[in-house]
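Here's a friendly tour of one protein chain, taken a piece at a time. Keep the 3D view open and follow along as we go.

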Amino acid sequence: MMDAVDHYSTRPTVAIIGGGFTGAVVATHLARDRAMDGWQIAVFEPRERLGCGLAYDTAEPAHRVNVPAARMSIDPDNPEHFMRWLELRGEPRDDPEALARDGHLYPARQLFGRYVAETIAPFLEHGRIAHHRERVIAVERQGAAWAVRGAGGTLRRADVLVVATTHPAPEAPAGIGAVLAGHPRYVPDSTEPDALDRIRSGDRVLIIGTGLTSADVIATLRRRGHKGPITAFSRRGLRSRGHADRAQDPYGDFVSRPWRSAAKLLSQVRRTILDAEAEGFTWHAVLDALRAQGGEIWRNLPMTERRRLVRHVRPFWDVHRFRVAPQIDAVVSAGLRDGDIRVLAGSIAHIARVGKNVAVTFRRRRAAGTEEGEFDAVVITTGPAHRSILQSQSWLESLGAAGYLRPDTVGLGLACSETSRALDSEGREVDDLFVAGPLARGTFGELMGLPQVNDHAIFVAAQIAALAQARRVHRGARPHSAAAPAG
């Protein structure tokens, strides 16, 4: 049992674990809501600034936003908010490549992180939001509240708890991590600060994973003067696509007729793409429509069909949905054209350390025989290990063991209800425990693009404010909260 220390308070408190983009937006909208008057808002985030998170806490100039800046406002009532922020600060400065050939602005990600941080800063300065620069190490139930302990010793009592953490770190394919552990140029997580510093300019690099992060790694290495050959490898060899060369409105209607079958939905998507092309549109317009309608499409599908989509279609969706910035796409495309970058599809039949090098035997997809290669460095960019979410942090694991959290049934994050409340091991809503951001994808579907994550964070804040108002009306009486299952 944790002992109460300094930050306990008689005032009702919302504790948000994770102060990246999602946690910052939830906190900001709670701070603005009059229903939260009298409440404390505490955010646990070890980074110096709130709002940056894994995506935007980067000083690497090659890391750019992957959608035009004009579409990245965090204020849904003011779509020009980010663009005006940039203009007022004379940004992006010293970055002539930020303006792409299509006329859109793709600034460095660190600028967007600064923008979110400055938006939340006034609430921190006035004490409306408290930022605890600590990693959470323990959470437990104490009566009708939660006790949250940080690694620095902070302990807060919380009447409402929000899980707004990032995805788990990437997970190397079976056997690779054990073989390469301790190798001086093995990078198991390229998102770690300075992770690529160990790679030398002439190294032969193998990147396992071919999505957005792989493209970031290639662009970063090339910007740093790396000239060695790069091989990007994945099971299907799919790489993230670029943006359309012109502006297009979303094309297609996938909700007027509710789709109950993943196969029939996919057939309709293919037909719609053909119709769009006949009218002069590209597939981008159809995928934009799917993205905008994604939440309703997902809710219409039975659980078995959601699983089928995740298992069979998700890799193809990801590379079309999550497009690379034109500047990054140009680097990768030039390397593919010149032959110093290769993309392979298949499986790894064998991997071994040979002195300081790494020898790999690839089994090519849909091709007879194998191909052998020798590399100086290996980088893992396979994406988050979604299925190990509860094991990724000790406090999540303990909440799972106590029955308050469980993985969702499609393998994308944590189980939650349509109000984004966590579902316990018996499938019941935990009234004062919320899941915010991409970890709620199993219920809400499209929750990776910034506009969707932003909208969902605002939705979660509204749910919490409604709960606070209900408690105020009932003079402090607490609504039912699911108890931990026996055993």
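Let's start with a pair of helices. Helix 7 (residues 262–278) and helix 10 (residues 303–321) have axes that come within 9 Å and cross at roughly 55 degrees. The axes are lines fitted to C-alpha atoms, for helices over the stretch in contact, with angles from 0 to 180 degrees between N-to-C directions.

Which residues of helix 7 meet helix 10? They are Ala262, Ala263, Leu265 and Leu266, and across from them in helix 10 are Glu305, Arg308, Leu309 and Val313. (Ala, Val, Leu, Ile, Met, Phe, Trp, Tyr, Cys and Pro count as nonpolar, Asp, Glu, Lys and Arg as charged, and the others, Gly among them, as polar.) Contact means heavy atoms within 4.5 Å.

## What you're looking at

This is a predicted model, where local features need pLDDT of at least 70 and side-chain atom pairs count only at pLDDT 80 or more, while totals for chains, interfaces and linings use all residues. Residues are numbered from 1 along each chain as its sequence is written, and side-chain values use heavy atoms, with hydrogens and water left out. Helices (H or I, at least four residues) and strands (E, at least two) are DSSP runs, numbered from the N terminus.

## The domains

The chain is divided into domain 1 (13–168 + 386–476), domain 2 (176–241 + 323–380) and domain 3 (262–321). These bounds come from an automatic or database domain assignment. Taken over C-alpha atoms, the centres of domain 1 and domain 2 are 32 Å apart. Where domain 1 and domain 2 touch, 15 residues of domain 1 are in contact with 13 residues of domain 2.

Now find the open sheet of seven strands, which has mixed pairing and the order 8-14-9-10-11-12-13. Strand 8 (186–187) and strand 13 (370–375) stand at the edges with a single partner strand each, so one side of each has no neighbour in the sheet. Two strands pair if DSSP finds at least two bridges between them.

Zoom in on strand 12 (residues 357–364). Strand 11 (residues 341–354) runs antiparallel to strand 12, and eight bridges join them; valine 354 has asparagine 357 in strand 12 as its bridge partner. Two residues lie between the strands in this hairpin, and glycine 355 takes a positive phi near 65 degrees there. Strand 12 also pairs with strand 13, in the antiparallel sense over six bridges. Here arginine 363 stands opposite threonine 370, and valine 358 stands opposite phenylalanine 375. Six of the eight residues of strand 12 are buried, so this strand is largely enclosed by the rest of the structure. (Buried means under 20% relative accessible area, exposed over 50%, and partly exposed in between, using a 1.4 Å probe and protein chains only.)

## Strand 7, covered on both faces

In a regular strand the side chains alternate between the two faces of the sheet. Strand 7 (residues 160–163) has Val160 and Val162 on one side and Leu161 and Val163 on the other, all buried.

What are the partners of strand 7? Strand 1 (residues 13–17) pairs with strand 7 in the parallel sense over four bridges, with isoleucine 16 partnered by valine 162. Strand 16 (residues 429–435) also runs parallel to strand 7, joined by three bridges, and here leucine 161 is partnered by leucine 433.

Is threonine 443 buried or exposed? At 11% relative accessibility, threonine 443 counts as buried. You'll find threonine 443 in helix 13 (residues 441–444). Leaving aside neighbours within four places in sequence, threonine 443 is in contact with Trp298, Arg306, Cys416, Ser417 and Glu418.

Most residues other than glycine have a negative phi, and most peptide bonds are trans. Against that background, look at the loop between helix 3 (81–88) and helix 4 (109–125), where proline 92 lies. A cis peptide bond, with omega about -5 degrees, joins glutamate 91 and proline 92. Aspartate 94 is in that loop too; it isn't a glycine, yet has a positive phi of about 55 degrees. At 80% relative accessibility, aspartate 94 counts as exposed.
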